Amino acid sequence: MEALSNKRKVLEAKPLNIWERAYLPAIVKGMGITLKHFLFTKAVTISYPEQKREFSENFRGMHSLKRDEHGRERCTACGLCALSCPAEAITMISAERKPGEENLYREEKYAAVYEINMLRCIFCGLCEEACPKEAIYLDGDIVPSDYLRKDFIYGKDKLVEAPLNQ
Amino acid sequence: MGTTDIIVKLILIVVIFLISLVVAMYSTYAERKIAAFFQDRLGPSRAGPFGILQPVADGTKMFLKEEIIPANSSKFLFIVGPSLAIMTACIGSAVIPWGQTLKIGTYVLDLQVTDINVGILYIFGVVSLGVYGVMIGGWASNNKYSLLGAIRAASQNISYEIAMGLSIIALLMTTGTLSLKEIAAQQHGWHWNVVYQPLGFLIFIICAFAETNRSPFDLPECETELVGGYHTEYSSMKLGFYLFAEYINMFISSAVMATIYFGGYNFPFMHSLGLSSNWVTILGVIALFAKIFFFIFFFMWVRWTIPRFRYDQLMDLGWKTLIPLAIANIVITGIVMTLFK
Ligand code: SF4
Ligand code: SF4
């Protein structure tokens, strides 16, 4: 049947001519191409930890737990981020704010322990989306490599932003 | 031969041995660096400035790796394999003339370990012994991939040795000697054999690629089909020896090619510069090494350009193309020699 699109190309397997069968001309040509790369093309790779590529604006890196304008932790340990996490990377223990701690925690309930397992995390950003308090953002760098699995479980010491007055 | 001669020879042997090892060591570095440049990458750059200590790091790593000898292997042969491979790789350098003579006071130092009158045959013998290391290692591993790799290595070497030998015969017809020293001396100035034997050289270099198991003829260690080929079961320094033997082989075959086809230590205008003979000798050694390094670079250049041959193509090329060409080369050389004598 005639094809409607008229785009069909009939390909014939042509036997190689003597020039092509001699291999050598093609090899010489190929070596010319590689030599051009050897001499003239600059390396496209970089020496990673010293040099870094520029990330796009919506790059999702390491999480940080934010503070509000008075330097108080925003997170209220509602657990929505943990629930929304498809990789089950987040876990936390909540605690009640004691009188006198108002300058530390914004809400009456706060996360006493907050852990993200960076080996489980797929950096999808759903925790960021789920958070009602704008407390968590994936605005950090690439998570660095390490030797032990336990060192990839990041606690509040690594996640919470530095206090304002420092 | 007096005692001084023996001591001098011993020193020369040790020096040449060390040079081959260092060149082989840095060939591994050069291979990685050159491969990187061909592929627009940076290559090893961490160990020392520009990664210059990389071979040392690699060697240390090889030594520290766990040594595994498979339970069902033939243990003695399993160890003999890599030892044989590295030994045969090293002894090839004995007959290569590294330069002319140096005069130190009254003593005349010949920069060649030994000038046997069948130098080329010796090289051939050593090269064909080299396949035993691969064969024995592959067979002793008791692993089908190793065995297949070993069989490939053996049949490939046998096929290409014929073409290589035939290409050399044409060369011997023009030079009239088997001694590498005389062959090198005959190519005075720019009278390099490659000018008289271009086809022979082409056949020889293709066969050299096959004999050293270098890409595009690296079927014995073809990763995509045979896991690792004949050294699948090897680990630690025994694997290191196999890999190292390949680089020494490359160095030696580059030296052979430079000597018999590219004039060895000769360089153009070597006697019209008006230098003393010692200086000419030293420059000659430098010229020889420049040629050797060019060939090593060439080996790597080809490796990172051309994909591997299929096995039937390899055999086709060897038996149906190179051998007839080599025979034709002999006939043409004979005719030309008769006509112009
Ligand atoms: S980025 Fe995704 S996977 Fe990682 S912690 Fe947040 S929700 Fe979980
Ligand atoms: S980070 Fe946001 S979503 Fe997660 S527990 Fe804290 S307040 Fe809730």
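Guide: The shell around ligand 1 holds 11 nonpolar residues, two polar ones and no charged ones. In this count Ala, Val, Leu, Ile, Met, Phe, Trp, Tyr, Cys and Pro are nonpolar, Asp, Glu, Lys and Arg are charged, and the others, Gly among them, are polar. This is a predicted model, in which local features need pLDDT of at least 70 and side-chain atom pairs pLDDT 80 or more, while totals for chains, interfaces and linings use all residues. Residues are numbered from 1 along each chain as written, chains are lettered from A and ligands numbered from 1 in written order, and side-chain values use heavy atoms, without hydrogens and water.

Ligand 1 has 13 residues around it, and the nearest are C85(A), C121(A), C124(A), G125(A) and C127(A). To be near, a residue needs a heavy atom within 4 Å of the molecule. Ligand 2 is also surrounded by 13 residues, with C75(A), C78(A), G79(A), C81(A) and C131(A) the closest. The shell of ligand 2 divides into 10 nonpolar, two polar and one charged.

Now the neighbouring chain. Contact here means heavy atoms within 4.5 Å, and 19 residues of chain A are in contact with 18 residues of chain B. One salt bridge is counted between chain A and chain B, that is, a side-chain nitrogen of Lys or Arg within 4 Å of a carboxyl oxygen of Asp or Glu. R46(B) and E50(A) form a salt bridge at 2.8 Å, N to O. On the side of chain A that touches chain B, 11 residues are nonpolar, six polar and two charged.
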